[in-house]
Amino acid sequence: ENSQDRRNSFLIAKNTVIGKGDIDCFVYLERDAVFNIVFRVNGSASDFYMARVDSRSGGSSGILVSKNNNWSYVNQPNKYVLPDVWHHVELKFSDSKIILKLNNDTIIENTRNVFPKNQNSFGMFNEVKRVFVDNFKVYE
């Protein structure tokens with residue numbers, strides 16, 4: 001791995017003890033880039049939700065769920081985002097709902113009861129190409 005290559009995945013994890021909150025940030029994706037915000041939804045280390053912002057041709061932004069490391073969309077995925085421009089990403093969550101907004105438009109709302117109040121954690125990472133993140137905030 002070349003330590004100078006900033007296209008590699010990164011992860012910033014934080015444990016939380018809250019049942020609701022907001023994550024707010026601005027992201028700039030190169031063409032064919034993917035940005036993810038990941039949530040652990042229960043005590044199992046293998047069960048996660050992931051809010052995805054995707055600028056790949058044919059890619060889709062939306063919310064995925066992992067059960068034992070098998071990822072699938074929880075709702076019909078939405079359109080990909082335009083590359084090479086800044087996008088406002090908002091992720092709102094509670095113990096029973098998660099909402100993903102892009103540029104102030106709600107693209108996915110999921111209302112499953114899967115967020116225990118004392119077992120949430122989150123991280124963010126890019127899968128391919130470069131993603132720039134600015135003004136990343138977490139509101140509890």
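Predicted model: local features only at pLDDT ≥ 70, side-chain atom pairs only at ≥ 80, totals over all residues.
Two strands are taken to pair if DSSP finds at least two bridges between them, and strands themselves are DSSP runs (E, at least two residues) numbered from the N terminus. Residues are numbered from 1 along each chain as its sequence is written, and side-chain values use heavy atoms, with hydrogens and water left out.

Under these criteria, Phe93 has Ile98 of strand 8 as its bridge partner, and strand 7 and strand 8 pair in the antiparallel sense over 5 bridges.

The loop between strand 7 and strand 8 contains Ser94, which counts as buried because its relative accessibility is 18%, the limits being under 20% relative accessible area for buried, over 50% for exposed and partly exposed in between (1.4 Å probe, protein chains only). Although Ser94 and Asp22 are 72 residues apart in sequence, their C-alpha atoms are 8.9 Å apart in space.

The largest nonpolar core comprises 26 residues, of which Leu29, Phe35, Ile37, Phe39, Val89, Leu91 and Leu100 touch the most other members; such a core is a set of buried Ala, Val, Leu, Ile, Met, Phe, Trp, Tyr and Cys residues joined through side-chain atoms within 4.5 Å. Several strands each supply at least two residues of this core, among them strand 3 (34-40), strand 7 (86-93) and strand 8 (98-102), while its largest share, 4 residues, comes from strand 2. When residues up to four places away in sequence are not counted, Leu91 touches Gly21, Asp22, Ile23, Ile37, Phe39, Ala51, Ile98, Ile99 and Leu100, contact being defined by heavy atoms within 4.5 Å.

Positive phi values in residues other than glycine were also found in loops. Asp32, in the loop between strand 2 and strand 3, has phi near 70°, and is classed as partly exposed because its relative accessible area is 31%. Asn103, in the loop between strand 8 and strand 9, has a phi of about 50°, and likewise counts as partly exposed, at 36% relative accessibility.
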